[in-house]
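Here are my notes on the model you sent. Please have the sequence and the 3D view open as you read.

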Amino acid sequence: KLTSPADFRGMHLTFTRSKSNSGCVAPIVQLAKDHNLWLDDDYTWGLSQSHENSIRGIVKGEYKAAAVASDALARMAKTDPSINAEAYRV
């Protein structure tokens, strides 16, 4: 179970699109600045192409961790019964 950003060390993280602020740029900067976790040095990464794809990938077990906007998670949880927003840490 992942409980803090320190748990990301050595993991594969999923981001949305390389130009997405909430799904890629801001999380990468925050991990480096606030948690001393550096892209490629401390974790590997990939892209899902959207917040929705990242959320679905987490639900299906395809991704262990993904950066998504909390409002995207809340919106999907309202329309998709397989998504329980309370089950995920944001």
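Is T16 buried or exposed? T16 is buried, because its relative accessibility is 0%. Buried means under 20% relative accessible area, exposed over 50%, and partly exposed in between (1.4 Å probe, protein chains only).

Some ground rules come before the points. This is a predicted model: local features need pLDDT of at least 70, side-chain atom pairs count only at pLDDT 80 or more, and totals for chains, interfaces and linings use all residues. Residues are numbered from 1 along each chain as its sequence is written, and side-chain values use heavy atoms, with hydrogens and water left out.

1. **T16 and its surroundings.** T16 sits in the loop between β1 (12-15) and α1 (21-35). Helices (H or I, at least four residues) and strands (E, at least two) are DSSP runs, numbered from the N terminus. Leaving aside residues up to four places away in sequence, T16 touches G23, C24, L47, S48, Q49, S50, H51, S54 and A67. Contact here means heavy atoms within 4.5 Å.

2. **The strand pair.** β1 pairs with β2 (residues 44-47) in the parallel sense, over four bridges. Two strands pair if DSSP finds at least two bridges between them. T14 has G46 of β2 as its bridge partner.

3. **The crossover.** β1, α1 and β2 form a right-handed β-α-β unit. Right-handed means that, with the strands pointing away from the viewer, the path from the first strand over the helix to the second runs clockwise.

4. **G46.** This residue lies in strand β2. G46 counts as buried because its relative accessibility is 17%. Its contacts, not counting residues up to four places away in sequence, are H12, L13, T14 and F15. R9 is 37 residues from G46 along the chain, and their C-alpha atoms are separated by 15 Å.

5. **The bend in α1.** Check P27: α1 bends there by about 30 degrees. The bend is the angle between axes fitted to the seven residues ending at a position and the seven starting there.

6. **The buried side of α1.** G23, C24, P27, L31 and A32 are the buried residues of α1. Their cover includes β1 and α2 (51-60).

7. **The ends of α1.** S20 caps the N-terminal end, with a side-chain oxygen 3.0 Å from the backbone nitrogen of G23. After α1 comes N36, whose phi is positive, near 55 degrees. N36 is not a glycine. It lies in the loop between α1 and β2. N36 is partly exposed because its relative accessible area is 47%.

8. Q49 lies in the loop between β2 and α2. At 46% relative accessibility, Q49 is partly exposed. Q49 is also among the residues that T16 touches.

Notes: A polar contact is a pair of N or O atoms within 3.5 Å; within protein, one must be able to donate a hydrogen and the other to accept it, and residues adjacent in sequence count only if both atoms are side-chain atoms.
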